[in-house]
Amino acid sequence: MRCLGVPTRVVSNFHSAHNTDGNLTIDTYYDRTAEMLTAQRPDKIWNFHVWNECWMIRKDLPPGYNGWQVLDPTPQQTSSGLFCCGPASVKAIKEGDVQLPYDTPFVYAEVNADEVVWLFEGGQVQEILAHNTSYIGKAISTKMVGSDERLDITSSYKYPEGSSEERSAFIKASWKLLEPRRNASSLLDLLGSENLKAKPVRLQLHLVRAPMWGQDLPLMLYVQRVPVRDHVQGSVGLTVRFCAQALLHGGGTRKPFWRHIVHLNVDFEKELQWPFLLPYSSYRDKLTDERLIRVAGIAEVEETGQFILVLKDFSLEPPHLSIEVFERAEVGKALDIHITLTNTLMVPLNNCTMVLEGSGLINGQMTKDLGTLMAGHTIRIHLELYPIKAGPHQLQVLISSSEVKEIKGYKDILVAAAPAS
């Protein structure tokens, strides 16, 4: 589009919904053991998705909808029989005007659908575990002009989560889409109902420290006993079943690789902290290269039979790779590069290979075999490069091993022109 003279920028949306049935909800299903049931889930929440925005005048729309328009060159389903998506006005998305062309309902759901989490047993849904209004559409971003910094443009797509303006836009979009088929939609009934039945405890799940690949992962369950109308003001018993699964980029999961059960008693208006450990041996060979884990817990309240869901998603950090340059870079002059990698895993990194790339810094690629890096050990690599082109460039370093496929590092280097002879 830029080649045609159309102002264009790339946009990334995190927790990006893929709503297949057009009802503005992403339905997620768990059984009582806290396993996410991917087979029951046609809707998806992608880790992230990327599209383009183009600046256009929209003479086919009412006044006020010019400006940035969404165009998705990698659509995952057809629109009017073709694999295409957009242009959809960003202004129309923010205001919930999903009746306007093109594909506005789908893009609206990508950034502002609600997630409804169901308990699924015996071949059918049993109850709603959670109704999340702010999980989808996070950190909508583009590249800042004149800089490599991230520019957050979430406010262009929706009002602040939970605000009256955001909920009004969501309800307007829902009524425009769903009122003609009200009998087939549970969302309008959900929006029109009272809050979900109050639960006698609140649950939160946190990581005790940054999750490093190759280490045991300590977690902490926080339990707070809260007053609830029509419930005895005494202690409650909880049976909490935990389940860990590899989380895929497209929103699915693999089969559980770890389970854990705890039994707790919580006194009225008291708080409880319960630590537990997800061992490295449990996830060592169970994850994808993205290293994403979902830990889910479902607590059953013994006195009432209610179920309460708690979730924690996280990405494991690979061993840290640092790149240092201590001198001025100049075309044709030797430039010292210092690369350092510490193996933070509990096991050795075997068959380590390093690949360097950098336009203007290296012709093609440089490859070096590093052998085995023992657990807890550090390797320091010294290289000389001879830059070949002046200007700003980026050195990219990739170290791979049998245990960790991608350990990446980047270094921006400004190369000066060679002195005039």
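Rings of Phe, Tyr and Trp (for Trp, its six-membered ring) count as a pair if their centres lie within 6.5 Å, and the pair is called stacked when the planes are under 30 degrees apart, edge-to-face when they are over 60, and tilted for the rest. With that in mind, select Trp 213, Tyr 280 and Tyr 283, which ring pairs link into a cluster.

Before going on, note that this is a predicted model, in which local features need pLDDT of at least 70 and side-chain atom pairs count only at pLDDT 80 or more, while totals for chains, interfaces and linings use all residues. Residues are numbered from 1 along each chain as its sequence is written, and side-chain values use heavy atoms, with hydrogens and water left out.

A search of the whole structure finds 9 aromatic pairs. Select Phe 14 and Phe 48 next, and you will see a tilted pair, with 6.1 Å from centre to centre and 45 degrees between the planes. This pair links distant parts of the chain, since Phe 14 belongs to strand β1 (residues 8–18) and Phe 48 to strand β3 (residues 44–56), 34 residues apart; helices (H or I, at least four residues) and strands (E, at least two) are DSSP runs, numbered from the N terminus. Phe 14 counts as partly exposed because its relative accessibility is 33%, and Phe 48 is likewise partly exposed at 33%, where buried means under 20% relative accessible area, exposed over 50%, and partly exposed in between (1.4 Å probe, protein chains only).

Move on to Trp 51 and Tyr 157, whose ring centres are 6.1 Å apart and whose planes stand at 55 degrees, so this pair is tilted. Trp 51 lies in strand β3 and Tyr 157 in helix α3 (residues 154–157), so that the pair links parts of the chain 106 residues apart. Trp 51 is buried, at 1% relative accessibility, and Tyr 157 is buried with a relative accessible area of 1%.

Now look for charges over rings, a term that applies if NZ of Lys or CZ of Arg is within 6 Å of the ring centre and within 35 degrees of the ring normal. The charged end of Arg 9 sits over the ring of Trp 68, at 4.1 Å from its centre, and Arg 167 lies over the face of Phe 170, 4.4 Å from the ring centre.

Finish with the cysteines: the structure holds 0 disulfides, a disulfide being a pair of cysteine sulfur atoms within 2.5 Å.
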